[in-house]
Amino acid sequence: MEKKNRLVFTRSNAAAKRKFDEAITILEYSVMLVEFFGLQEFNNIIAGQLRLILCETKNTRIKREKVTIDQSLIKKINPNPKLYPIKDSNQMSNDHDHDHITEELFDYTKQRIELKLWRNQIIYKIDIEGKTQEIKVIDFIKETANKIGGAHAESSFPNKSIISDGHTKIMLIGIAKGLFKSIGRDYKKHASLNLSHIMQKIEQSTLED
């Protein structure tokens with residue numbers, strides 16, 4: 001009898017799923033290390049993993065035409081991923097209210113939206129010389145990964161110091177937590193399990209010494 005509704009992975013799909021799960025785990029541990037232990041160095045890892053999972057693209061040419069290929073890990077396991085949208089009130093700027101920035105960036109009461117639309121949302125606004133400059137989610141993630149990851153690519157931001165380091169860290173954690181929520185991953189539960197795992201490894205190492 002033929003089995004219906006059975007999810008079958010090809011070898012390549014299974015490999016992509018493993019890579020996605022690994023990237024999510026790395027992201028999860030990194031957020032935990034920044035949030036609970038103040039290890040700010042791991043913001044570099046957070047930015048890199050967010051780019052890999054959500055914003056990885058490659059420019060190539062097909063029949064002499066320039067084409068952008070989406071190589072994001074999330075697209076490799078789900079051709080039409082959807083994520084929660086940014087809160088309207090959190091299209092933040094560096095005006096006199098800028099101290100209100102929190103990691104609660106997304107509206108979980110609304111329907112999730114397609115990845116392309118999600119990446120093109122405005123996450124930050126700033127006035128420079130009387131002109132309003134807007135930064136999209138995809139640009140924030142890519143530029144931040146380049147900046148704190150040590151890449152020397154030219155920045156497309158109107159000003160490389162447009163967002164303070166403190167706000168950048170809050171926003172990175174906020175985006176990561178929004179991703180977890182969008183894919184149905186319980187960050188608090190996993191953070192507790194991860195902490196327990198670390199403590200067990202430390203205790204085992206102490207006993208062996």
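Rings of Phe, Tyr and Trp (its six-membered ring) pair if their centres lie within 6.5 Å, with planes under 30 degrees apart counted as stacked, over 60 as edge-to-face and the rest as tilted. The structure holds three aromatic pairs. This is a predicted model, in which local features need pLDDT of at least 70, side-chain atom pairs count only at pLDDT 80 or more, and totals for chains, interfaces and linings use all residues. Residues are numbered from 1 along each chain as its sequence is written, and side-chain values use heavy atoms, leaving out hydrogens and water.

**Aromatic pairs**

Select Phe106 and Trp118. Their rings are stacked, 6.1 Å centre to centre with 15° between the planes. Phe106 is in the loop between strand S4 (92-93) and strand S5 (113-114), while Trp118 is in helix H4 (residues 115-119), 12 residues apart; helices (H or I, at least four residues) and strands (E, at least two) are DSSP runs, numbered from the N terminus. Phe106 has a relative accessible area of 2% and is buried; Trp118, at 1%, is buried too. Here buried means under 20% relative accessible area, exposed over 50%, and partly exposed in between (1.4 Å probe, protein chains only).

Next, select Phe180 and Tyr187, a stacked pair at 5.6 Å centre to centre and 5° between the planes. Phe180 is buried at 1% relative accessibility, and Tyr187 is buried at 8%.

**Salt bridges**

A salt bridge is a side-chain nitrogen of Lys or Arg within 4 Å of a carboxyl oxygen of Asp or Glu. A search of the whole structure finds five.

Start with Asp21 and Lys17, whose closest N and O atoms are 2.9 Å apart. Both residues lie in helix H1, four residues apart, about one turn of the helix. Asp21 is partly exposed, with a relative accessible area of 31%.

Move to Glu28 and Arg185, which meet in a salt bridge of 2.7 Å, N to O. Glu28 is in helix H1 and Arg185 in the loop between helix H6 (165-182) and helix H7 (187-208), 157 residues apart. Glu28 is buried at 1% relative accessibility, whereas Arg185 is partly exposed at 23%.

Then select Glu103 and Lys177, a salt bridge of 2.6 Å, N to O. Glu103 lies in the loop between S4 and S5 and Lys177 in helix H6, so this pair ties together parts 74 residues apart in sequence.
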